Protein chains: 2
Amino acid sequence: MCQLLGMNCNTPTDVRFSFSGFAQRAGNTGDHTDGWGIAFFEDKGLRHFVDHDRAIDSPIAELIRHYPIKSQNVIAHIRKATQGLVSLQNCHPFVRELWGRHWVFAHNGDLKGFAPKLHAHFRPVGTTDSELAFCWIMQELWKSHAGVPSIEELTITLQELASRISPHGTFNFLLSNGEALWSHATTNLFYTERCHPFAAAQLADEDLTVDFSTETTPQDKVAVIVTAPLTKNETWTQFEKGVVNVFVDGRLYLGQSHSKS
Amino acid sequence: MCQLLGMNCNTPTDVRFSFSGFAQRAGNTGDHTDGWGIAFFEDKGLRHFVDHDRAIDSPIAELIRHYPIKSQNVIAHIRKATQGLVSLQNCHPFVRELWGRHWVFAHNGDLKGFAPKLHAHFRPVGTTDSELAFCWIMQELWKSHAGVPSIEELTITLQELASRISPHGTFNFLLSNGEALWSHATTNLFYTERCHPFAAAQLADEDLTVDFSTETTPQDKVAVIVTAPLTKNETWTQFEKGVVNVFVDGRLYLGQSHSKS
């Protein structure tokens, strides 16, 4: 299995603290050593880094840990291969363009017997079940909408599509087009929302503490989504299984909390 | 205007020497300071780095100068904005997926009155004439072939497409799908082919010399393509204007030399 990390914010924020703890799981506190990747939106632009080395000692991961790239939507992935060889083309996150926007997708899980018909123009470059699922999702989004739909409409479509893939196995994923960050879980996926008053957070995977109150303004809002909680002293909420959630401007905007309220 | 750098090899080779000299033009020996980017194929996989900072002092360019990423096809670009704002989405090279392969494109020049009809599924994310031309080329390739065509067929199609865009202005470009590297020039674009016996090469833009004979085997072949010659003591050949050339395994495979021989 793999692990996922996502961040959605209302102001461009750097992900170094969370990524630093997450990357420990690629060799130190976990065995997700079959490549990794991270994508940062900056407006409609995208920085996309993938590596077949371990995130714990990859020179590119070292850059990410020290260079404060600020973004409102980030998706990262560390891989433990289940389907598909260890190679660059099998590293998540995957990227495609649709309607003049980049779309970024990362998956944790294993799909069995998922063999959809790809009759549009999205084709996997690598050999993972994950990229195949992403291509099918992009195809179905393209068929369902004439252009970039509203976040609400897109969430409804994604809920339908996720429900069709989920019976094939574990289907935890993160998706972003730079406007919002969608998540879906069938097993383990957690989130936390950081906002004023900010406090100090202590990583679970390494001895590192950051006092967010010195790095933020009272208006900042940051949501972090991850396969297993990253910090020891924050509240992490497990996602309800089978529900597509969407984060906008650093808060859960549509999904489980809203359906319960 | 911008500047282009391409490398095509018969064995995975690192581009640090050439990139180091090229990056000097983004602040030191040139004023191409409005962002930059580089893409490296590894098999079908792709590493794609873009930055809106100057390549001369960008932390990501610093990584590229020191981390020996080995690739058979590399495309790099330093930008001086003529159309489109300075932003990440306007940095070359641009990437799209077609027929299960990544395609990478970078352009040097300025197109006037080029407003093609985009009726397929490739849309620009940014606002440059370059990305628009790339989307149109991808659309026309997709319409012309049912799957990845042979290098020969693709070269014929690209020649037709380049001839339709060129009347709109300066259209120097590099394109690769990881199998080959295509180039087209309407103004300045040069290439050199390095092969056994390798010698020392001295950069034109900084005081740096590399003795390739200590880093290569007799079988290695490397072609380097660039807007203005990178070294002082190698033979650089200017491309014939209006001809699409293709490099395979480190040698000019089809194009001007062959049409003359």
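With a relative accessibility of 18%, B:Asp110 counts as buried, where buried means under 20% relative accessible area, exposed over 50% and partly exposed in between (1.4 Å probe, protein chains only). A salt bridge is taken here as a side-chain nitrogen of Lys or Arg within 4 Å of a carboxyl oxygen of Asp or Glu. The model is a predicted one, in which local features need pLDDT of at least 70 and side-chain atom pairs count only at pLDDT 80 or more, while totals for chains, interfaces and linings use all residues. Residues are numbered from 1 along each chain as its sequence is written, chains are lettered from A and ligands numbered from 1 in the order in which they are written, and side-chain values use heavy atoms, with hydrogens and water left out.

Over all chains, the search finds 28 salt bridges. Among them is the pair A:Asp57 and A:Arg54, at 2.8 Å from N to O; A:Asp57 is partly exposed at 46%, as is A:Arg54 at 33%. In chain B, B:Arg16 pairs with B:Asp14 at 3.2 Å, and B:Arg16 is partly exposed at 28%.

We turn next to the interface. Chain A and chain B each bring 29 residues to the contact, contact meaning heavy atoms within 4.5 Å. The area buried between the chains is about 2,600 Å², with 57% from carbon and sulfur atoms; this is the accessible area (1.4 Å probe) lost on putting the two parts together, summed over both. A:Glu97, A:His121 and A:Val125 supply 22% of the area that chain A buries against chain B, more than any other three residues. Four salt bridges cross the interface of chain A and chain B, and A:Glu97 meets B:Arg96 in a salt bridge at 2.9 Å, N to O.

The same surface serves both copies, as 100% of the contact residues of chain A recur in chain B.
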